[in-house]
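Please view the sequence and structure first.

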Amino acid sequence: MKLKFFLPALLHLALFQLISGSPKMSMNPSSDDPIPTPWPDRFHALLYMNLSKGNLQMSDLWYDWPRGRNVNIFQKQLGVVLYDIEWDNGTSFYYTTGERDGESCQVMEFGVGIPRPDFMLDGARYLGTELTDGGFLCHVWGKAEFIWYYEDVVSKRPVRWDFYDGISSHVMTFEEGAILNDSVTQAPSYCFNQDLELKARRCIDDFCTVNPLTGNSDRALLVSVLDQ
Ligand SMILES: *[C@@H]1O[C@H](CO)[C@@H](O)[C@H](O)[C@H]1NC(C)=O
Ligand SMILES: *[C@@H]1O[C@H](CO)[C@@H](O)[C@H](O)[C@H]1NC(C)=O
Ligand SMILES: *[C@@H]1O[C@H](CO)[C@@H](O)[C@H](O)[C@H]1NC(C)=O
C-alpha cells in the first residue's frame with residue numbers, strides 16, 4: 001500500500017493562505033480579461049486523469065453543491081474501483097467494495113468543505129487562450145501557482161485542469177444538473193469502525209497520509225485551492 005505524506009499539501013495550504021491574504025501580484029490584470037464560468041450547482045462528469053507518476057484513472061465525478069457532496073468514483077487502470085465520498089462538513093470516505101476489490105475503508109476529517117461552484121473566480125490570473133487536448137480552444141487561468149484551469153472559449157465548459165504536482169484531469173463528458181442516487185453514496189458498514197476513524201484522525205494530526213488507498217492527495221490538493 002503506497003503512502004504519501006500529507007505534509008506537502010498542508011504546507012501548500014499554508015502558503016496558499018499567505019498568498020491569498022496578501023496583495024495580488026498579477027501582471028496588470030485587465031478588466032477586459034474573461035472570468036471563469038462558475039460550475040453549475042450540480043453536474044456529472046467523466047474525467048480522464050493522469051496522476052503525478054503517470055499512472056492513469058477514470059473518475060466518475062458527481063458534484064452536488066446543494067447536497068454538500070462531491071463524489072469521485074475512481075477506476076484505477078486495470079485496478080480497483082475506489083469510492084471517494086466527500087462531504088461539505090469536512091468528512092471524506094475512501095473505500096473499496098466487493099469480492100474483487102476487497103472491503104477497505106479510510107475515513108478522513110479535512111476540516112474544510114467541498115469546492116464552491118465559483119472557486120476559480122477568486123484570485124485567478126488570466127493567462128490567455130490555448131489549444132489543448134487536440135483541438136479545444138480554451139481560456140486558461142492559473143490560481144496561486146497551484147491549479148491551471150482550461151475552459152472552452154465557446155461552450156464555457158471546463159475541458160481540463162492541472163495541479164502543480166502533475167495531476168492532470170481531462171473532462172470527457174459534462175452533464176449539467178445530473179444527480180447521483182443517494183444510495184450510491186452511503187458508506188459501507190465497515191467504514192463505521194472506531195479504530196479506523198481514530199487511526200485516520202491520528203494520521204492527519206501526525207501529518208501522515210491523505211489517501212492511503214490511492215497514494216494520492218487528491219482532496220487535499222483540491223481543498224487547498226478551493227477552500228481557504
Ligand atoms: C501522463 O503524464 C506524463 C507526465 O506529464 C506524460 O509523460 C505521459 O505521457 C502522460 N500519459 C498519458 C497516457 O497521457
Ligand atoms: C459529515 O456528514 C457525513 C454524511 O452525512 C457523515 O457520515 C459524517 O459523520 C459527518 N461528519 C461529521 C464530522 O459530522
Ligand atoms: C436509487 O437506488 C435505489 C436502490 O438501488 C432504488 O430503489 C431507487 O429507485 C433509486 N432512486 C432513483 C431516484 O433512481
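## Strand pairing

Two strands count as paired if DSSP finds at least two bridges between them. In this predicted model, strand 10 (residues 158-163) and strand 11 meet that test, with 3 bridges in the antiparallel sense. D162 stands opposite S168 in strand 11. The hairpin of strand 10 and strand 11 has 4 residues between the strands. There, G166 takes a positive phi near 105 degrees.

Strand 11 (residues 168-176) also pairs with strand 1, again antiparallel, over 8 bridges. A45 stands opposite F174 in strand 11.

## Confidence and overall fold

The mean pLDDT of the protein chain is 77. A pLDDT of 70 or more is reached by 71% of its residues. Over residues 1-27 the pLDDT stays under 50, and the model has 40 contacts there beyond four places in sequence. Residues 199-228 are also below 50. That stretch has 78 contacts in the model beyond near neighbours in sequence.

The protein chain holds 4 helices and 11 strands. Of its 228 residues, 32% are buried. Among contacts between residues at least 6 apart in sequence, 53% join residues at least 24 apart.

## Nonpolar core

In soluble globular proteins, nonpolar side chains tend to be buried together. Here the largest nonpolar core has 33 residues. Which of them touch the most other members? They are F93, Y94, Y149 and Y150. Strand 1 (residues 42-50) gives this core its largest share, 4 residues.

## The loop at S52

S52 sits in the loop between strand 1 and strand 2 (56-64). Is S52 buried or partly exposed? A buried residue needs 20 or more other C-beta atoms within 10 Å. S52 has 16 C-beta neighbours inside 10 Å, so it counts as partly exposed.

Along the chain, S52 and G166 are 114 residues apart. Their C-alpha atoms are separated by 4.5 Å. Leaving aside neighbours within four places in sequence, S52 is in contact with D165, G166 and I167.

## Ligand site

Which residues surround ligand 1? They are N50, G54, L56 and G166. By class, this shell has 1 nonpolar, 3 polar and no charged residues.

G166 links several of these findings. The residue with positive phi in the hairpin of strand 10 and strand 11 is in contact with S52 and is among the residues around ligand 1.

How values were computed. Residues numbered from 1 in each chain as written. Chains lettered and ligands numbered in written order. Predicted model: local features only at pLDDT ≥ 70, side-chain atom pairs only at ≥ 80, totals over all residues. Near = placed C-beta within 6 Å. Nonpolar A, V, L, I, M, F, W, Y, C, P; charged D, E, K, R; others polar. pLDDT = per-residue confidence, 0-100. Contact = placed C-beta atoms within 7 Å. Helix = DSSP H or I, 4+ residues; strand = E, 2+ residues; numbered from the N terminus. Buried ≥ 20, exposed ≤ 12 C-beta atoms within 10 Å, placed from the backbone. Core = buried A, V, L, I, M, F, W, Y, C linked by C-beta atoms within 7 Å.
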